[in-house]
Amino acid sequence: MATRKLNQSIFRLVVGLVVLTATLILINVWTSTSKHAQNQLNSDLEVAQNVFEQVLESRENVLYNSASVLTADFGFKQAVASGDIPTINSALYNHGGRITADLMALVSLGGSNITSVPDILPTETPFPYSKIIQNALLNGGAASLLVIDKKLYQVMMLTIDAPTPIAVAVIGFEIDHGWAQQLKDVTQLDTTIQVQADGANNLTISTLPSEILEVALSEQGQTLSWLSLTLFNDAPFVSRQFLLADEGNLKVIITLSNDVHRLFADFNALQLNILFIALLAIILALCFAALFSRKVAKPLVALADIAQRISTGDYNKTIVAHSNSTEVKNLAQALESMQSNIRKREEKISYQAQHDILTGLNNRYNMEALLCAKFKENKPFQVLGINVFGFRSINDVFGYHNGDICLQVLANRILEHGGLGARLAGGELLWVPDEHLSPEQVVQFINSLEQPIDTGDSSIMAKLSIGMLNCPYDAANAEELFRRVNIALDETNLSDQPILAYQPEFEHRYLRRLSIIAELKTALQEQQDELSLFYQPKLDLKTGRVTKVEALIRWNNAILGFVSPDDFISVAEQAGFIGKITDWVINQAIKDAVTLRNAGIEMSIAINLSAKDVMDQSLLPHLSLLMETSQLSSKALSFEMTESDLVQEPVKAIQQLQAFRDRGFEIAIDDFGTGYSSMAYLKHLPVTTLKVDKSFVLSLDSQQGDQKIVQTVIELAHSFGLNVVAEGIESQATLLLLKKWGCEFAQGYYMCKPIPFDDLITWQNTHQLTNWFEQDA
């Protein structure tokens, strides 16, 4: 379709309408009076008919909108679905009141009346027009004119979907004499509504008095003449009739009647006035249309150019409207506001897309782009990966709000040093200084970050670790840089060194840890024959007999070969599946305990638990079930934990350990003396045994310092009513010293190294009568 300029369209429209109107009027004036009167009356009747139809359409839109709001209301749907009639009636009453509806009803899918407001449709009875209900269900809604209780209603029906139809809502306005009178006030025409049911008049509504109603209806379609209009006065009304609705056996016929004498009383005088006005209007329209179209179109063209410029991303020019039109000025202001808002939103979106919302530092994706740019410069630069040690614990202890404040303060401290900063994830940050830092400056930097953080509620001492890379020597691109920063930070956690520069061997160890994780998962799920338990006897120094053993897991992998427990246990704890290893150890130890019992060997097996194992509240019930199924007493198993694990969550650890003790299991603290030992701490632990670390026992027979430490530990343990196990015995002299000091149990290579289970039974049978104190075994 061809387009035209706005000013041309306005000019043509205004002039065209005026010229057309004037021409029609002049032609009408120049024709015979009777023909003009007929045309004028027909025009009035046609306009009235359009008004009538538009009013009905407007009312139908009101009904549809109200019905849509009603049927979309979630509470109304729930009430309909649950059959809550009081709530349904309340909703119908409220929605009907908003639009002053005369009929609000609810009909079931089967066509039965559920309820109506007002109560004009008896409940549990069929709706009078079942065909319309079926049409509403088929199409989701229907509009119609219906006679209900001898009254004519304009109704709208919509299905109530949840999500499929569950009922039909009916909303209607009554078409009565008052409504017909309102139409007459608007159209100045009398309106008669006839409702025919089965061919007979069932209802008549009219604004005409009853005595002239039949006369007006009989004038339908009559032709006027000049003589009848001026001399004989035999045609007081001219009427037009049209069919408004045809619903099978129900027809609604509208008759519009015009009072001829009222309309044409001053017709002769009007002819001259119309002629003069028409000519004047044509002349003025030509001048006005030319001026107005130019004045309106010019600023709109300018604003269209501005809108096109904004669409291309140019938001920086000021928008000025050269027009006195309020609408044009408002449009210019709207464009100015739109331009400003788009610019601000794009700046905000761009910032959010590139920065971490919490700290204001660059996010990982933007930092990657910045690092790629630095790599392209081919200049060396330094990168420091910063990890907040135990950040999750900060959140757990101080709350997430204080944890967020902690990160924000650290970010601000980093920004104070200049350079580029980024938050990678959680408590992991990245900093690229402007200049290379010496080792001393790195220490000063981490010290400045570790200053106490006052959150208002608490003072947080954040412990940090730093992994350093020198690029492009340690990494050639951003992806490699991120990976090696993580490797360096991982190494700081494993080595307990707060500051480490990246070394190639870190990656080798990292890859080995990944291999260990992958192979260990496979071993636990599919190849459990790679895993085995070795046992190391514990000698009872009072009886000289072996009554206890410690279970030690061994793993011989087809790809990695023999993997030390020190390697794969720590990796499993970090990877979060240490519990699966513990489950395997417990299951295997119970099987071996059953075998020992069946072989007539009374021996308690000690199993090592990690802190995560102890905190797992499902472990003890599962263990108890296995013990009961195997018919083993609690003396068949005991458990050991390192003291460093216990102090991570001492209160919860004590509660969990007490549950083990209540079940009858003995509990030992492993490697005592190497961690966080304290008498107050030891006092509250529900343990039965202390294990002296082998570092104090290996040279016990020759080192007086170790002798004092071990003696003190034994005396301390006895003061708390605890037994003592010394591990690392490699000579008879050491064994005799421990027996002399009252140590209860001894464990070490002097008696036996860790051996497979089958060898344990053989060893036990062989050494039942061995006197470890009199011969050098």
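Visitor: Why is lysine 538 called buried?
Guide: In this predicted model, lysine 538 has a relative accessible area of 5%, and because buried means under 20%, the residue falls in that class. Lysine 538 belongs to strand S17, which covers residues 531-540.

Visitor: What makes the pairing of the side chains of lysine 538 and glutamate 640 a polar contact?
Guide: The two side chains come to 2.6 Å of each other, and a polar contact requires a pair of N or O atoms within 3.5 Å, one able to donate a hydrogen and the other to accept it. Lysine 538 can also be placed relative to alanine 606, which lies 68 residues apart from it along the chain, with 9.9 Å separating their C-alpha atoms.

Visitor: How do you know whether aspartate 490 counts as buried or exposed?
Guide: Its relative accessibility is 18%, and since the limit for buried is under 20%, aspartate 490 counts as buried. Aspartate 490 sits in helix H16, residues 478-495, and, leaving aside neighbours within four places in sequence, is in contact with Tyr510, Arg513 and Gln574.

Visitor: What makes the reach of helix H19 close to the expected one?
Guide: H19, residues 578-598, has 21 residues and reaches 30 Å from its first C-alpha to its last, against the 30 Å expected at 1.5 Å a residue. Its buried residues include Ile578, Trp584 and Leu596, and the helix is followed by glycine 600, which has a positive phi near 80 degrees.

Key: Residues numbered from 1 in each chain as written. Predicted model: local features only at pLDDT ≥ 70, side-chain atom pairs only at ≥ 80, totals over all residues. Heavy atoms only, no water. Helix = DSSP H or I, 4+ residues; strand = E, 2+ residues; numbered from the N terminus. Expected span 1.5 Å × (residues − 1). Buried < 20%, exposed > 50% of the residue type's maximum accessible area, 1.4 Å probe, protein only. Contact = heavy atoms within 4.5 Å.
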